[in-house]
Amino acid sequence: MIAEAKNERHSLEFLSAQEYRSLVEAIADFAIYMLDPNGHVISWNLGAERFKGYKAPEVLGKHFRMFYTEEDRETGLPERALSIAYSDGRFEHEGWRLRKDGSRFWAHVMIDRIANEEGVVIGYAKITRDVTPQKEAAEQLERAREALLQSQKLESIGKLTGGVAHDFNNLLMIIQSSLEMIEIKSDQPAQVVKLAANATAAVKRGSALTQRMLAFARKQELRMEVIDVKELVRGMSDMLQRSLGPRIRLATNFPKELDKVLIDTNQLELAVMNLAVNARDAMPDGGNLTFSAHSLAVDRAHSTGLDPGDYVCLVIADDGVGMDEGTMARATEPFFTTKGVGKGTGLGLSMVHGLMEQSGGRMTIKSSQGVGTCVELWLPTAKAGHVEGSQAHTHSARLSLANNSLCVLVVDDDPLVRATTGVVLESLGHTAIEVSSAAEALSVLEGANEVDVLLTDHAMPGMTGAQLTNEVNIRWPDLPVVLASGYAEIQENLTDGAIRLTKPYGRDDLIRAINQILNKHAADVHSI
């Protein structure tokens, strides 16, 4: 009886082991296999075959280090894993592993020590799980989180920039208008007039600076102008050299004759500055930065893929560290940067790329590690009609309003802006009614019929200038309206009875705007 019981027990143990082995070998979601004490494979299941691509005969008896990458084998990771499992009982790790075809997958690995009843280590149980999808999802989530943080930072800076630019524009407008009045009325020596002209020029440079701030905040509309690329770069040379520092040698190489281009001047200046700063950062020990350009007729087969036509190619070349293929491929991606956390938004090249595409041009990049980088900005040339229009617009001869003795209702919450604008209008022989809010303006319009033009600021407490404009166009559709703002983000859709005037504006800008809206209203009346 005792012998029969022993045989039955051994039979049950044998069947249990067989069932267990069959269960393990059938598991397809985990690679489960046994190693001998030296790390050689002694069993292989379906999951291991699926993950790694090897059939059992191809791996049995071979060392498990064959599944590790060359880098991990060189550092001795397989041997270290067994040593830790031997001493601690378990080794757990994540890292790259190799399949039979040489491809990699991200694995979560556990190695457990197996000992007999006497405590002697007889091998190891190794469980591997392919967690590549989870790793990729985690990386995508992290990239999205970083992009969101960068975007939030940019939005905050944009809001700050927009607010600062609005106040700065008001100050610039006051200074500019006052200086123009000094220049007009002054009976002092010619030197005073010259100094006033210089100050006016400085104000215009400050205005350009404000526009660059707004461009960074992505709150500026493109204002296409006909420009000479040579003159633009040469005009920026002093500012570029100060920004780049003494270790960067700045050079220009332009032909005598170069076609003019149609582009937003301020945005192109910002693009040039961005590219120059990128070049500086690529030359930590100093180097050469060269600007050159040439005109070229492009056909459909051109490497840039541009529409056929005439272009000017502005080239910015440095002899810095250059970029590898991976960096080149991602160079124009928003938020991609090689400058480290906190040292760059990763938006510089993407902003330049966007400007070129929006303007009908293109940006191309050529770079080699250890040689340098060459950025080409392909700018469409200006047509003859554009050139004539731009030149006509630049004439700054003393202008006068088309109508005499106008009554202009001036609306601005800044008392200095109101007062200065009133003085300018009165110097032209017109009457100015000055109010500080949209509500006051509506009260004036409800009680008087002598107002010929409404000139209103946009950013005001309570009702904005755009809201006032639309209200006036509904209630007094024949009243011409000029809406002044240095901040391009106006949420409301304006009706046809108004035009916009960009701050800071000078005397001639104000005259042009009022003449334009008066002529527009006159044309509308004649067309009825």
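Y86 is located in helix α5; helices (H or I, at least four residues) and strands (E, at least two) are DSSP runs, numbered from the N terminus. The model is predicted, and local features need pLDDT of at least 70, side-chain atom pairs count only at pLDDT 80 or more, while totals for chains, interfaces and linings use all residues. Residues are numbered from 1 along each chain as its sequence is written, and side-chain values use heavy atoms, with hydrogens and water left out.

Apart from neighbours within four places in sequence, Y86 contacts R113, V121 and Y124, where contact means heavy atoms within 4.5 Å. Between Y86 and R113, which are 27 residues apart along the chain, the C-alpha separation is 5.9 Å.

**The antiparallel sheet**

An open sheet of four strands has the order β1-β4-β3-β2, and its pairing is antiparallel. Two strands pair if DSSP finds at least two bridges between them. At the edges stand β1 (31–35) and β2 (90–98), each pairing on one side only. On average, neighbouring strands of this sheet are turned by 25° against each other, direction ignored. Axes here are lines fitted to C-alpha atoms, for helices over the stretch in contact, and angles run from 0 to 180 degrees between N-to-C directions. Helix α5 (residues 77–88) packs on this sheet and touches β1, β2, β3 and β4 (121–130), its direction making about 160° with that of β2.

β2 and β3 (residues 104–115) are joined in the antiparallel sense by nine bridges. β3 and β4 also run antiparallel, with nine bridges between them. V109 in β3 has H93 opposite it, and its bridge partner in β4 is T128.

| Hairpin | Residues between strands | Turn residue with positive phi |
|---|---|---|
| β2 and β3 | five residues | G102, about 90° |
| β3 and β4 | five residues | G119, about 90° |

R97 has F105 as its bridge partner in β3. R97 also forms a salt bridge with D72, with 3.9 Å between the closest N and O atoms; a salt bridge is a side-chain nitrogen of Lys or Arg within 4 Å of a carboxyl oxygen of Asp or Glu. Because R97 lies in strand β2 and D72 in helix α4 (residues 70–74), the pair ties together parts that are 25 residues apart in sequence. Side chains of opposite charge can pair when their charged atoms come close. The structure holds 17 salt bridges.

**The parallel sheet**

Five strands make up an open sheet in the order β13-β12-β14-β15-β16, paired in parallel. β13 (431–435) and β16 (498–502) are the edge strands with a single partner each, so one side of each is left without a neighbour in the sheet. Neighbouring strands in this sheet are turned by 20° against each other on average, direction ignored. Strand β15 (residues 481–485) pairs with β16 in the parallel sense over five bridges, and A484 stands opposite L501 in β16.

α13 lies across β12, β13 and β14 and runs at about 170° to β13. Helix α14 (residues 438–447) lies across β12 and β13, at about 155° to β12.

**The cavity**

A cavity is taken, on a 1 Å grid over the protein atoms alone, as a set of points where a 1.4 Å probe fits but cannot get out, and lining residues have an atom within 4 Å of a point. Grid points are joined across faces, edges and corners, and a volume is the space filled by probe spheres set on the points. The count is one cavity of 30 Å³ or more, and the largest cavity has a volume of about 50 Å³.

Its lining consists of V410, V411, D412, V417, T421, L455, T456, D457, A484, K503 and Y505. β12 (407–411), α13 (415–427) and β14 (453–457) each contribute at least two residues to this lining, with the largest share, three residues, coming from β14. By class, the lining has six nonpolar, two polar and three charged residues; Ala, Val, Leu, Ile, Met, Phe, Trp, Tyr, Cys and Pro count as nonpolar, Asp, Glu, Lys and Arg as charged, and the others, Gly among them, as polar.

Terms used: On a 1 Å grid over the protein atoms alone, a cavity is a set of points where a 1.4 Å probe fits but cannot get out, and a pocket is an open set with protein on both sides within 12 Å along at least five of seven lines; lining residues have an atom within 4 Å of a point.
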